[in-house]
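Work through the exercises below with the sequence and the coordinates open. Each task is followed by a solution in steps.

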Amino acid sequence: MFTLNDPKYREAREKAKELLSKMTLEEKVIQLTQYIGTDNSYNPEHKEKDGSTNAGRCGSLLAVCGAATVNGFQKIALEYTPHSVPVITGCDVIHGYRTTMPIPLALSCTFEPDLIRKCYGIIGKEAASDGVHWVYAPMVDVARDSRWGRVAEGYGEDTYLCSEMASAAVHGFQDDGGVMACMKHFVAYSAGEGGRDYNGCEMSMQTLFNTFIPPFQAGVDAGVGTFMNAFNEINGVPCAANRTLLTDILRGKMGFDGFVVSDYDAVMELINHGFAEDEKDAAMKGYNAGVDVLMLGNLYNNYLPELVREGRVSEEQIDESVLRVLAAKYRLGVFDSPFVPDDSDGEFFSDEHLKTARECARRSFVLLENDGTLPLIPEKYKGKKIGVVGPYADDRISVLGCWASIMTPSRTVSILSALKERYSDSDIIFSEGVDFSDGIENIEKACCDMAECDVIIAALGEHSSQSGEATSKTNLELPENQKLLLERLASLGKPIVLLVSAGRPLILDKIRKSVSAILYIWAPGTEAGHAVCDVVSGDFSPSGKTTISFPYTSASLPYYYNHKSTGRPASGEMTFESKYIDTPIGALYPFGYGMSYTTFEYSDAAISSDKIKAESGESINVTLKVKNTGGFEGYDVVQLYVRDVVGSITRPVKELKKFVKVHAAPGEEKEVSMTLSRDDLAFWNADMEYTAEKGRFKLWVAHDSDDNNIEFDFELV
Ligand code: GLC
């Protein structure tokens, strides 16, 4: 799509070359500038102090959407921009445009890249129909520390799964949805010390290349049009000024052909980092590192032409940056069709889009606990009292998640409304108990209301404003008033089904002892209520597997399953081993974990050989039978983990290498086969060579990352 191996992109570049040849230096730099559409920057009537106007002085606009609005800006662009170059609009369309899908972290728990591609295709179509050319998504930062609020926007802690999701998102957005995507935030933004947003990290090249870069490479391989640099520094160099990263690695090693946009004011922030003297120095360092387009303001307009004349920025590099931007515009078709039909509703909230939103949501839920209380089969609850309590029961905003770009709460199906619809023969008794404040005044009333119920559904969690950008937390417990409500409800001695809506894993170790079931619904989007009812009623058996570890305590973070062994791996039997003396080691709920209403048994697991030749392309097959041994139809995700037992650098105790999601009816048995190739075992080693090192490996076929029941040894020879 936006790569040189796409003939249409090559053709677009040729047209761009023709236009570039007519541009002055200043006119070129305009194309490397982006303004926020919401301020006056672009209004020709708005005069700057020196009487000039910014109209026509940028090549793209941030946060502009809506056909009429976009067309209004485009009219200004064509009139005021030299050579009438149209603008493109970039928006944070992260997990939905009008139809809001579950947050990306939830989507990843489906373990269904094909479904995710379909989801992003719908998001792209809706956005494109409303004038959005470019989305600042997918965010593919591998998340290992849930104190960082932006884990909500990514695909969890596993590099391989993040890569699969990244590829699906780019193909969905670009090939199916018709918008240009953006890989962000490049790179290791999620590794900020202390889980603190915008903080830096010290990291080896091996960790960077083995853990954090592969999902971005997946985006390049999928033909992504743009990258966004991250705010943070790595080893003392801010990403926005890191030429090794943005040019040598991104273009040299990874083969990226598109253009890089700064994250917001990251180039100006080089001054705060203590990496640039002043604005001009920042502009020079950001641009020379490889930030083609400045997301905000006139730093490039003000200084790049001067820096070129001083010989401190090369005009050849400017030409290449402008070529990339113009080629993207030609490839997007904005030269031929600069305006957007303003009668297209983009199928907003169409039945098909809502059906997909519902499907994604219900498949994203993770059943963490269940003593058999779930499902609440409606027939069994005819004439019975079902209590519904908690601030998320009737909520229509928070359940949309932290980047619900064009929030449309009126279209949200709340949990309460859907329960009333689905359990029309039961007596639904609602009492909020607590709201989003820290009040406790209504807890006793809620307990009285619930006292007569046969079962209680409690919808608790973390508000969407508590996750996403700049929401790092040191305490991932439920709010105190919610914990008090739950404690009082538990004293009623009724079965409690706990629904948790959150943008990250919360601390559930104590809570899980006082409830009958926990269904983690993340932020399910527009179809929240219907999806919850599908699962709670048993119409759909939960199939989500968590893609991020649930820690025992907030202080246990960062924790992730694919950690290193250490010389004293925690076994729980020794005194002197790598552990905490006051908290269990490991995860309360591990990566890959999720219950169903049924059970699945693995049998006849086998590997085709215990040796793989160390030549590229060599592989072995892993086969097994999966049987549904319970009373409900359902899905299982068979996971294949590998350990490289000895390496030239230490290797993770486990790494997910393959997964297969299978459906089976009660009693049905399915054959599953996975191919593990020598290339799957490759990594960046001590000498920074990308290779698979000969030697011993372990392999597990598992229900989750803690499951070691089916283990094989094999060798790379
Ligand atoms: C924000 C975010 C980034 C977003 C950009 C534009 O600071 O870090 O993810 O795309 O600015 O809104």
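## Exercise 1: the ligand site

A polar side-chain atom of D263 lies 2.6 Å from an oxygen atom of the ligand, a polar contact being a pair of N or O atoms within 3.5 Å. The model is predicted, with local features needing pLDDT of at least 70 and side-chain atom pairs pLDDT 80 or more, while totals for chains, interfaces and linings use all residues. Residues are numbered from 1 along each chain as its sequence is written, and side-chain values use heavy atoms, without hydrogens and water.

Task: which residues are around the ligand, and how much of the ligand does the protein bury?

Solution. 
1. For E469, the distance from a polar side-chain atom to a ligand oxygen atom is 3.1 Å.
2. The ligand taken alone exposes 310 Å², of which the protein buries 93% (Shrake-Rupley areas, 1.4 Å probe).
3. With a heavy-atom cut-off of 4 Å, the residues around the ligand are D92, Y136, R150, K184, H185, M228, F231, D263, Y264, M295 and E469.
4. Sorted by class, this shell has five nonpolar, one polar and five charged residues. Here Asp, Glu, Lys and Arg count as charged; Ala, Val, Leu, Ile, Met, Phe, Trp, Tyr, Cys and Pro count as nonpolar; the others, Gly among them, are polar.

## Exercise 2: a helix pair

Task: describe how helix 16 and helix 17 cross.

Solution. 
1. I443, E444, A446, C447 and M450 of helix 16 meet N481, L484, L485, R488 and L489 of helix 17, contact meaning heavy atoms within 4.5 Å.
2. These contact residues divide into seven nonpolar, one polar and two charged.

## Exercise 3: backbone geometry

Task: where does the cis peptide bond between L374 and P375 lie?

Solution. 
1. The bond joining L374 and P375 is cis, with omega about 0°.
2. P375 belongs to the loop between strand 10 (366-370) and strand 11 (385-389).

Methods:
Axes are lines fitted to C-alpha atoms, for helices over the stretch in contact, and angles run from 0 to 180 degrees between N-to-C directions. Helices (H or I, at least four residues) and strands (E, at least two) are DSSP runs, numbered from the N terminus. A polar contact is a pair of N or O atoms within 3.5 Å; within protein, one must be able to donate a hydrogen and the other to accept it, and residues adjacent in sequence count only if both atoms are side-chain atoms.
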